[in-house]
Amino acid sequence: MKENNISIREFQIEDIPSITDLTLTLGYETTIEQMTTRMKTIAQLDNYWTFVAVLEETIVGYIGLNKNYFWEQDGHFIRIQALVVSKEHRRFGIGQKLIEQAEKLSNQINASLIVLNCGNKDERKSAHQFYPRMGFEAKSTGYAKKIK
C-alpha cells in the first residue's frame, strides 16, 4: 500500500457504518443507530469536525476534532476527541495524515495548541509511542468520573 493512495476528506453521513466499525475497534460498544444519532448532532456543530481517511474507496480511519477555549490564557485550541485507524491499515502513515489534517485545521482557525487524551489500556501502548513521534508531549494525567 502506498501512502499517497490515501485521501483525507470531510465525513459524510453515508460513512456511518464504517465509522461505527472503527469506533468498535477502539473498544467502545456502539451501534449504527447510536452512531447515526451522534454523528447527525456533531455534523450540525460549527466547532466540531470529523475527517475520514479513504483508501481505494474504503474508509480506513477517522479523526474527530473540536474547538475549545482556554480559561488560563487567551485563544483557543483543538482537542482530538477520537482518532482510529483500522488494525490492518496501521503503520502505513494514515494516522500521520489524520494528525496533519488536525494541524491544517488548527492553522486555519488560528488554534494555538492541539491536545488529546489517550487511554492507559494495554492495547493503547502503540498509541503512546505514536503521539510523541507526531510531536506531542505528555503533559497531564486525565481523570474521569462516571455519573450514570
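Predicted model: local features only at pLDDT ≥ 70, side-chain atom pairs only at ≥ 80, totals over all residues.
Helix 1 itself comprises residues 16–25, and its buried residues are Ile16, Ile19, Thr20, Leu22 and Thr23. These residues lie on the same side of helix 1, because they cover an arc of only 165 degrees around the axis. An α-helix has 3.6 residues a turn, so residues three or four places apart point the same way.

After helix 1 comes Gly27, which has a positive phi near 100 degrees.

## Overall architecture

The protein chain contains four helices and five strands. Read from the N terminus, the order of these elements is β-α-α-β-β-β-α-β-α. The radius of gyration of the protein chain is 15 Å, close to the 15 Å given by the globule rule for 148 residues, so the chain is as compact as a globular protein of that length. The C-alpha trace spans about 45 × 35 × 35 Å along its principal axes.

Contacts between residues 24 or more positions apart make up 57% of the contacts in the protein chain that have a separation of 6 or more.

## Burial, surface and charge

Of the 148 residues in the protein chain, 36% count as buried.

The side chains of the protein chain include 19 positive and 18 negative ones. The centres of these two sets lie 6 Å apart.

## Ile6 in strand 1

Ile6 belongs to strand 1, which covers residues 6–10. Ile6 counts as buried because its relative accessibility is 7%, and the cut-off for burial is under 20%.

When residues up to four places away in sequence are not counted, Ile6 touches Ala53, Val54, Leu55, Phe92, Ile94 and Lys97. Between Ile6 and Thr20, the separation is 14 residues in sequence and 20 Å in space, from C-alpha to C-alpha. Thr20 is one of the buried residues of helix 1.

## The loop between strand 4 and helix 3

Ser86 is located in the loop between strand 4 and helix 3. The relative accessible area of Ser86 is 8%, and Ser86 is therefore buried. Leaving aside neighbours within four places in sequence, Ser86 is in contact with Leu22 and Val60. Leu22 is among the buried residues of helix 1.

Arg91 is also placed in the loop between strand 4 and helix 3, where helix 3 covers 94–108. Arg91 counts as exposed because its relative accessibility is 72%. Although Arg91 is not a glycine, its phi is positive, at about 70 degrees. Most residues other than glycine have a negative phi.

## The loop between helix 3 and strand 5

Asn110 lies in the loop between helix 3 and strand 5, the latter being residues 114–116. With a relative accessible area of 61%, Asn110 is exposed. The phi of Asn110 is near 60 degrees, which is a positive value in a residue other than glycine.

Methods. Residues numbered from 1 in each chain as written. Heavy atoms only, no water. Helix = DSSP H or I, 4+ residues; strand = E, 2+ residues; numbered from the N terminus. Rg over C-alpha atoms; globule rule 2.2 N^0.38 Å. Buried < 20%, exposed > 50% of the residue type's maximum accessible area, 1.4 Å probe, protein only. Contact = heavy atoms within 4.5 Å. Lys, Arg positive; Asp, Glu negative; His and termini not counted. Charge placed at Lys NZ, Arg CZ, Asp CG, Glu CD. Arc of directions from axis to C-beta.
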